[in-house]
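Please look through the structure below before reading on.

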Amino acid sequence: MSSQRSPFFNVDWLTILIYLALCTIGWFNIHAAVYDEEHRSLVDLSTQYGKQFIYILSSLLIALIILLLDARFFSALAPPFYVVTMLLLILVLVIGRNVGGNQAWIPLGGGFRLQPSEFAKFTTCLLLARYLSGTNISISDPQSFFTAAGIILFPMILIILQPDAGSTLVFCSLIFVLYREGLSPYFLIFIALSITLFVLALLMNQWYLVGGVTLLTGLLVFFNLRNRKFVTNMVVGLVLSLVFIFAIKPIYYNVLKTHQRARIDEILGITTDLKGIGYNVNQSKIAIGSGQLWGKGYLQGTQTKYSFVPEQSTDFIFCTIGEEWGFAGSLVVLGLYLFLLLRVIKIAERQHMPFSRIYGYGVASIIFFHVVINIAMTIGLMPVIGIPLPFISYGGSSLWSFTILVFILLKLDSNRTGYSY
Amino acid sequence: MNSFFERRYIIAGIFITIVLVLLARLFYIQIVDDRYLLYAEKNVIRKTILYPARGPILDRNGKVLVQNEPVYDIMVVPKQVLPFDTAEFCSLIGIDKEGFDKRFTKAKKHSPYLASIFEKQLSVEFYRTLQERLSDFPGFFGQLRSVRTYPDSSAAQFLGFIGEANDKDIKRSNGYYRLGDYVGISGVEKAYESTLRGQRGVQNQMVDSRNVAKGRYANGAFDTVAVAGERLISSLDSRIQRLGEKLMQNKVGSIVAIEPSTGEILCFVSSPTYDPNLLVGRQRGNNVAKLYKDPYKPSFIRPIGAYYPPGSSFKPLSALIALEKGIITPQTTFFCNGGYQAGGHFVRCTHHHGNTNLTLAIAGSCNAYFDNVFNKLINSNGAKQTSATYTDWKARVNQFGFGVKLDIDMPNEGRGYVPPALRYDNTYGVNHWRANTIISLAIGQGELLATPLQLANIECTIANHGYYYKPHLIKAIGDKNVIKDEFTKRNYVGIDAQYFEPVIDGMQSVVEYGTGHGSKIPGIVMCGKTGTAQNPHGKNHSLFVAFAPRDNPKIAIAVVVENSGDGGTWAAPIASFIVEKYLRDTITRRSSGIYPEYYMNANLLPSLGNKPKPKLAKPDSLKQQQGQPATDTTKKIELKSAGRKKTKKANNPYIAYQSKRRENE
């Protein structure tokens with residue numbers, strides 16, 4: 001019965017529409033970013049926008065193939081997919097091509113190359129979904145928790161060896177998935193507190209910070225003296241915080257690489273070096289800021305056209321959008337992303353199968369993380385972390401990986417009623 | 001199974017919140033904060049200032065006195081400079097590392113984004129060898145400028161010079177001038193700055209991040225073209241200017257010649273002078289320093305800044321006022337027994353002139369005659385009215401432009417000095433001074449001080465029989481012939497025309513057979529008057545004022561030669577050569593046997609050796625220029641003549657113009 005169904009039966013066309021819109025926006029902006037007088041055609045294969053056109057076409061082909069496959073295929077093959085990508089991640093450390101300081105690429109010949117870390121994202125999602133949807137698995141059970149954490153951490157370790165800090169951090173976003181499946185909210189609070197303490201410890205005198213934290217805890221304890229458990233938790237939290245505060249500076253200066261530290265210093269305003277480490281972000285801010293409300297118009301961005309912003313077709317593609325389309329364009333793009341994210345959550349929540357739901361949250365988390373980190377970086381809210389803007393940034397591996405990520409979900413979704421009878 | 005369902009809202013809430021934070025930030029930098037638009041323009045637009053050619057200055061016959069020569073300035077935009085081989089760059093433009101650092105720091109201090117001048121005024125040939133290499137050094141580029149060049153090397157003080165605008169100029173111009181712009185600093189260059197400078201243009205060029213030009217911004221919609229400065233036709237006659245400078249070389253002094261029928265200044269020599277070309281080009285700084293250190297102060301504009309007692313050259317004016325007031329008639333005679341007894345002091349005359357009338361008195365420069373006239377004049381309302389009568393006399397002298405500014409079209413003009421009655425009140429006490437107290441004024445001594453320009457202007461007035469035109473340096477701007485209405489207005493001095501003839505008779509006699517007879521020009525009737533200003537440190541200052549020809553005068557002249565002797569020996573011959581050159585374009589043989597070369601070769605520079613400093617120094621232009629308290633010997637003379645032994649408080653009648661060194665030189 002199901003074999004007679006059209007592959008597009010029950011497919012969520014709204015998501016596909018957003019997907020296509022974002023791909024098109026990306027293609028035009030790549031054209032604007034690398035535009036020069038000699039190569040005017042949008043499909044000139046010697047240029048990045050020409051290649052991106054090919055990537056988009058091939059992504060559509062991949063999407064079609066995914067929609068033609070059986071939905072059960074993904075659940076069943078999640079472990080082998082995971083293993084293969086992990087092997088590729090190990091392989092890339094051996095035979096990989098070093099581009100921009102990261103040994104992240106496997107050359108395929110013909111100028112094309114593959115970035116296994118991009119594909120690790122969806123295979124990790126798949127395996128995580130498969131594991132967590134298993135019977136008798138509860139995230140509050142320590143063994144289940146550590147297995148799930150292991151599934152996420154393993155690719156992170158392999159990727160940090162490249163060392164591609166940006167792609168590594170992407171996997172952290174899967175905390176949302178774990179949270180949705182029952183992880184204690186304290187984890188989220190803990191992470192938020194850690195980040196706050198980290199920033200504060202770098203910005204202010206650590207003794208003031210110690211005093212502040214102690215005072216705050218003291219007040220909270222004082223007003224909740226009857227709640228014994230709360231008091232205990234707070235005291236433990238205080239001790240951990242103090243240890244953390246004193247550990248931050250040594251860790252910061254010994255573990256992080258010089259350029260990473262410099263980027264963080266720059267974003268926190270500890271140092272200002274607009275010619276050196278702060279150049280990219282400053283130029284990027286100038287590009288976006290100079291777009292004003294309606295932007296300078298297509299192909300009229302001086303910051304992008306005259307290459308003041310580096311990496312404008314990949315990590316800093318949002319500069320072109322901000323400069324040439326202004327706040328209006330930025331609003332549209334961010335709106336599309338937010339709409340997509342909420343749509344993905346809606347899709348995930350309407351699944352009968354936990355596997356599909358968990359996978360759906362994985363998709364949302366990963367896209368969310370990419371969008372936020374990438375755009376925040378271009379407007380100077382985050383240190384420079386080199387990760388692409390989904391569907392828009394130039395690059396085949398990234399586009400294919402996001403296409404696969406989204407379309408597996410769409411396939412699962414189109415089949416959401418498939419097994420109920 | 002689907003527990004924790006409500007957590008979807010928390011996750012969605014986190015997503016929405018963070019996206020809103022991003023949007024808020026975008027709203028701020030894109031819409032609220034306008035700085036980024038400015039930064040983007042600064043990034044991409046390179047404003048090239050198009051400097052207009054500064055207007056040339058010609059002499060009255062169309063000969064070029066100043067014109068422009070192209071040079072290149074090396075500019076730097078510190079923000080665009082990338083690391084490079086400093087040593088190579090330094091050797092390329094010929095500076096050392098230290099100089100490089102100094103220049104670069106200065107440029108950075110000015111602005112990291114705007115172009116500053118890095119090295120100035122490279123010649124066209126030098127720049128050509130450099131041009132191709134310059135593209136290896138992003139942030140540096142050459143900018144075409146022009147500098148002044150003086151084909152004649154003359155009239156330095158008249159033309160003045162230009163220099164970089166200093167902070168004060170920039171402030172005063174309300175931002176018109178910018179660091180590195182040139183602005184007239186003295187002379188005509190300063191007085192006619194707004195005419196000469198023209199109008200700057202600007203070209204907006206777009207550049208990429210490597211500073212490579214990418215075409216014009218907005219298709220040149222915001223570009224403006226440079227409009228060249230207008231051509232100035234000065235009133236100077238370069239023939240006599242050059243002759244005057246030659247005659248005055250190795251002497252301290254001035255020559256001012258004016259065309260009486262227009263007030264146009266024909267000759268404006270300030271000696272010692274300098275070659276104006278020295279103040280142009282890369283060596284300018286050194287040369288300026290040398291110029292200011294020169295003990296003879298060549299940068300001092302003596303014709304309008306140096307003060308001299310007019311001495312006997314004042315006598316015609318003295319006579320004119322007495323004639324107008326009816327004190328004397330041309331026939332009035334006084335007896336000269338070789339001097340004049342003023343109270344207890346005897347004012348000597350050079351000769352025993354015997355019975356002297358006006359013409360003879362001027363011809364022979366009889367002190368006794370003029371002392372008698374002055375005495376009679378000041379006492380004409382009774383001795384008790386001395387102060388009031390004197391004040392009236394002073395006002396009449398001022399009418400001639402003596403003791404007041406003539407408002408010549410050039411900065412830093414001195415006003416000279418005619419003492420007010422108050423000055424004598426302070427010195428001797430109210431009503432305790434009489435005609436004989438101030439008798440030295442009668443013969444142009446005493447506290448009287450005039451600039452050479454004022455002396456020449458008095459001659460114009462006499463030549464015109466009672467009026468003068470405001471002396472000016474510029475005849476025409478571009479095609480405009482009348483540049484200011486005030487230059488065509490007659491300034492009457494309040495002396496009836498009929499009184500001039502007898503005085504002019506006397507002045508003619510001066511040259512025919514009087515104190516200036518050695519300077520008689522064959523075939524030209526020149527009317528003049530010698531003057532000798534006494535100088536206790538050395539030889540007297542020699543003065544001569546004249547106009548010629550007597551009928552329909554074409555030129556009025558004042559010559560001052562410091563430390564040279566009598567008026568007839570130096571100043572008069574020099575004046576006669578200039579007058580003849582101007583009227584006849586050649587210098588004929590003189591019956592007295594004088595010839596220009598003798599005067600050109602004479603060295604009359606005062607020795608600046610270690611002479612004991614005199615207690616009362618003679619006002620000469622060197623002292624004035626140094627700004628020393630210019631105590632004047634004339635006081636001493638006058639004191640003696642008055643026969644009073646009263647100590648006077650140091651009271652400086654004139655504030656000598658001091659040419660200050662500009663801070664940015």
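This is a predicted model: local features need pLDDT of at least 70, side-chain atom pairs count only at pLDDT 80 or more; totals for chains, interfaces and linings use all residues.

Chain B has 665 residues, of which buried residues make up 47%. Its secondary structure comes to 23 helices and 22 strands. Taking the contacts in chain B between residues at least 6 apart in sequence, 73% join residues at least 24 apart.

The next topic is the contact between the chains. On one side there are 31 residues of chain B, and they are in contact with 37 residues of chain A. Three elements of chain B each supply at least two residues of the side that touches chain A: α1 (7-32), α2 (35-44) and β8 (201-207). Of these residues, 16 come from α1(B), which is the largest share. Sorted by class, the side of chain B that touches chain A holds 21 nonpolar, four polar and six charged residues.

A record also marks part of this region of the sequence. UniProt, in an unreviewed entry, places the feature "transmembrane region" at residues 9-28 of chain B. In the model, that span is 100% helix and 0% strand, and its end C-alpha atoms lie 28 Å apart.

Now consider strand β3 of chain B, which covers residues 64-76. One of its pairings is with strand β2 (residues 57-58) of chain B: the two run antiparallel and are joined by two bridges. Within this pairing, I57(B) has V66(B) of β3(B) as its bridge partner. β2(B) and β3(B) form a hairpin with five residues between them, and in the turn G62(B) has a positive phi of about 85°.

β3(B) is also joined to strand β5 (residues 140-149) of chain B, by ten bridges and in the antiparallel sense. In that pairing, Q67(B) stands opposite T149(B). With strand β4 (residues 116-123) of chain B, β3(B) pairs over five bridges, again antiparallel. There V76(B) stands opposite S116(B).

Is N68(B) buried, exposed or partly exposed? A residue counts as buried if 20 or more other C-beta atoms lie within 10 Å of its own, and as exposed if 12 or fewer do. N68(B) has 17 other C-beta atoms within 10 Å, so it is partly exposed. Leaving out residues up to four places away in sequence, N68(B) touches A53(B), R54(B), P56(B), S146(B), V147(B), R148(B) and T149(B). T149(B) is 81 residues from N68(B) along the chain, yet their C-alpha atoms are separated by 5.7 Å.

Another part of chain B holds an open sheet of five strands, in the order β12-β11-β22-β21-β20 with antiparallel pairing. Its edge strands, each pairing on one side only, are β12 (264-271) and β20 (527-533) of chain B. On average, neighbouring strands of this sheet are turned by 5° against each other, direction ignored. Inside the order, strand β11 (residues 253-259) of chain B and strand β22 (residues 555-561) of chain B pair over six bridges. A257(B) of this pairing stands opposite I557(B) in β22(B).

Two helices lie across strands of this sheet. Helix α20 (residues 571-584) of chain B lies across β11, β12, β20, β21 and β22 of chain B, and runs at about 150° to β22(B). Helix α18 (residues 452-463) of chain B lies across β11, β21 (541-548) and β22 of chain B, also at about 150° to β22(B).

Just after the helix, H465(B) takes a positive phi of about 60°.

Chain A has an open sheet as well. It consists of three strands in the order β1-β2-β3, paired antiparallel. β1 (97-99) and β3 (112-114) of chain A are the edge strands, each pairing on one side only. From one strand to the next the twist averages 55°. β1(A) is joined by three bridges to strand β2 (residues 102-109) of chain A, and R97(A) stands opposite W105(A) in β2(A).

Methods: Residues are numbered from 1 along each chain as its sequence is written. Chains are lettered from A and ligands numbered from 1 in the order in which they are written. Two residues are in contact if their C-beta atoms, placed from the backbone, lie within 7 Å. Helices (H or I, at least four residues) and strands (E, at least two) are DSSP runs, numbered from the N terminus. Ala, Val, Leu, Ile, Met, Phe, Trp, Tyr, Cys and Pro count as nonpolar, Asp, Glu, Lys and Arg as charged, and the others, Gly among them, as polar. Two strands pair if DSSP finds at least two bridges between them. UniProt positions are given in the numbering used here, feature names are shortened, and annotations may be inferred rather than shown by experiment. Axes are lines fitted to C-alpha atoms, for helices over the stretch in contact, and angles run from 0 to 180 degrees between N-to-C directions.
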